[in-house]
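Here is a short briefing on one protein chain. Keep the sequence and the 3D view open as you read.

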Amino acid sequence: MTTIRPGGSPATVLRAVLDHGPLARSTVARLTGLSPATVTTATNRLIDKGLLRERPTVVSVGSRRMGRPHVPVDIADDPIVCGIHLSLTHILVALVDLRGRVIARERTPHRGSPPDEVLDIAASTAATLIASTDREVLGVGFAVGGWVDSERGVLVEHPLTCWNGTRVRDELEQRLGLEVHVESHVRALVDAEVLFGEPRTRHSVVQLFVGNVIDAAFATDGVVHAGPGSAAGAVAHMPIPGSTEQCTCGRTGCFQATLSERVLVRDAVRRKVIDVPDFEVLLTEAASGNAAATGLLVDRAYRVGLASGSLLDLFNPEVFIVCDPGINVVPGCLDAVRRGVSESSLGRRPASETVLPSSFPGNLLPVAAGTAVLGNVYRDPLEQAVTRLTSAL
């Protein structure tokens with residue numbers, strides 16, 4: 001039976017249709033335990049909001065069936081959201097539909113420009129993408145690593161220190177004239193898994209994001225934990241035994257300072273595995289069979305697994321998802337993570353069953369940014385699905 005979401009019966013109906021649709025209203029009632037009258041009312045309101053649509057009823061030739069047909073409802077095709085993701089080197093803007101599918105994207109380097117300039121680029125790119133479609137845009141999501149206070153829409157702390165304290169929501173809403181939701185990319189990705197990905201995550205999940213920023217998030221019963229000030233999941237400074245890497249926090253051996261993409265690329269250049277300090281180049285080399293590049297990524301994956309065993313033991317989730325680009329591209333990386341986890345955890349369950357890659361290979365960042373909005377739409381659809389374009393575009 002579908003769990004009733006915080007938005008009450010409309011959210012429950014919308015989620016049931018997402019999971020099982022297209023569905024007749026009577027089937028929605030059976031799946032959710034809601035009364036037929038409640039389902040009818042909620043469904044009609046969701047149709048009015050443009051989130052659900054009725055599908056044509058096919059009646060076979062010669063059918064003698066009498067009475068009102070069971071018209072199925074499905075997730076609407078028209079509404080989309082715009083997602084913006086901030087990385088250390090570039091800004092990614094995408095359009096994402098209600099099923100979490102990326103339908104357009106644009107990537108632009110920012111070369112460490114000040115936040116005002118980067119937000120100008122992001123808003124201009126978003127406006128161009130939105131103008132290229134006649135589909136209704138429900139809002140804008142902004143996802144980024146580091147400490148994100150989603151309640152205030154503020155990027156509190158980030159490796160690009162010039163962004164510390166930036167009021168991203170206010171700045172983007174002023175530029176775009178759309179409602180903006182700001183979220184940690186790893187929390188948004190957990191939301192995406194719960195909505196569109198691995199079904200077991202709806203019970204409990206811990207997710208680790210390994211990029212230039214390393215952070216984590218966890219959820220139980222489909223609810224992502226943010227904590228006071230949205231500071232939950234801060235694993236960047238978790239100590240890595242044996243590491244002597246200097247961290248910006250003043251200590252040595254921190255998780256992010258030891259195993260981030262920047263450190264991996266630095267080592268790859270030093271060892272002459274690649275000529276330019278670019279993680280995408282390293283990943284491409286490994287995917288094409290470069291043994292030295294593969295070795296670096298597999299070794300990093302193993303060390304990530306070793307560091308992750310304590311997280312698995314602490315939370316004992318149904319699923320532990322590791323978002324590492326190498327896992328979906330380089331043979332041996334997933335096995336290396338699982339091997340590291342097995343060696344460092346108590347091993348209550350086999351790592352092969354518990355440790356999984358992301359459900360969104362190649363689309364991690366745009367899906368995260370889009371889900372910063374979509375998570376709110378599915379939690380409270382009648383409240384969130386009211387944004388409209390304004391003259392600011």
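Predicted model: local features only at pLDDT ≥ 70, side-chain atom pairs only at ≥ 80, totals over all residues.

Residues are numbered from 1 along each chain as its sequence is written, and side-chain values use heavy atoms, with hydrogens and water left out. Helices (H or I, at least four residues) and strands (E, at least two) are DSSP runs, numbered from the N terminus.

**Helices with one buried face**

- Helix α5 covers residues 168–176, and its buried residues are Val168, Leu172 and Leu176. Buried means under 20% relative accessible area, exposed means over 50%, and partly exposed is in between (1.4 Å probe, protein chains only).
- Seen down the axis of α5, these buried residues fall within an arc of 35°, so they line one face of the helix. The arc is that of the directions from the helix axis to the C-beta atoms.
- The cover over the buried residues of α5 includes β3 (80–86), α4 (115–131), β6 (137–144), β8 (154–157) and β9 (180–184).
- Gly177 follows α5 and has a positive phi, near 70°.
- Helix α9 (residues 279–287) has Phe279, Leu282, Leu283 and Ala286 as its buried residues. Viewed down the axis of α9, they fall within an arc of 100°, so they line one face of the helix.
- The buried residues of α9 pack against α8 (261–270) and α10 (291–315).
- At the start of α9, a side-chain oxygen of Asp278 comes to within 2.8 Å of the backbone nitrogen of Glu280.
- Gly289 follows α9, and its phi is positive, near 105°.

**Helices that cross**

- How do α10 and α11 cross? The axes of α10 and helix α11 (residues 333–344) come within 6 Å and cross at roughly 40°. That makes α10 oblique to α11.
- Axes are lines fitted to C-alpha atoms, for helices over the stretch in contact, and angles run from 0 to 180 degrees between N-to-C directions.
- Angles under 35 degrees count as roughly parallel, over 145 as roughly antiparallel, 65 to 115 as roughly perpendicular and the rest as oblique.
- Residues of α10 that meet α11 include Leu297, Ala301, Gly305 and Leu312.
- Helix α1 (residues 9–20) and helix α3 (residues 36–48) have axes that come within 9 Å and cross at roughly 80°. The two helices are therefore roughly perpendicular to each other.
- Ser9, Pro10, Val13 and Leu14 in α1 meet Thr38, Val39, Ala42, Thr43 and Leu46 in α3.

**Two buried residues in helices**

- Arg300 sits in helix α10. Is Arg300 buried or exposed? Arg300 is buried, with a relative accessible area of 2%.
- Leaving aside neighbours within four places in sequence, Arg300 is in contact (heavy atoms within 4.5 Å) with Val210, Leu259, Ser260, Glu261, Leu264, Phe279 and Asp324.
- Thr32 belongs to helix α2 (residues 25–32). Thr32 counts as buried, at 3% relative accessibility.
- A polar atom of the Thr32 side chain lies 2.8 Å from the backbone oxygen of Val28. A polar atom of that side chain also lies 3.2 Å from the backbone nitrogen of Leu34.

**Loops and backbone details**

- Which residues does a cis peptide bond join? Gly21 and Pro22 are joined this way, and omega is about 5°. Pro22 is found in the loop between α1 and α2.
- Ser230 is not a glycine, yet its phi is positive, about 55°. Ser230 lies in the loop between β12 and α7. At 4% relative accessibility, Ser230 counts as buried.
- Lys272 is not a glycine either, and its phi is positive, about 65°. Lys272 lies in the loop between α8 and α9. At 71% relative accessibility, Lys272 counts as exposed.
- Gly233 is in the loop between β12 (223–224) and α7 (255–259). Leaving aside neighbours within four places in sequence, Gly233 is in contact with Asp215 and Ala216.
- Gly233 and Gly146 are 87 residues apart along the chain, and their C-alpha atoms are separated by 9.3 Å.

Notes:
Polar contact = N/O pair within 3.5 Å; in protein donor to acceptor, adjacent residues only side chain to side chain.
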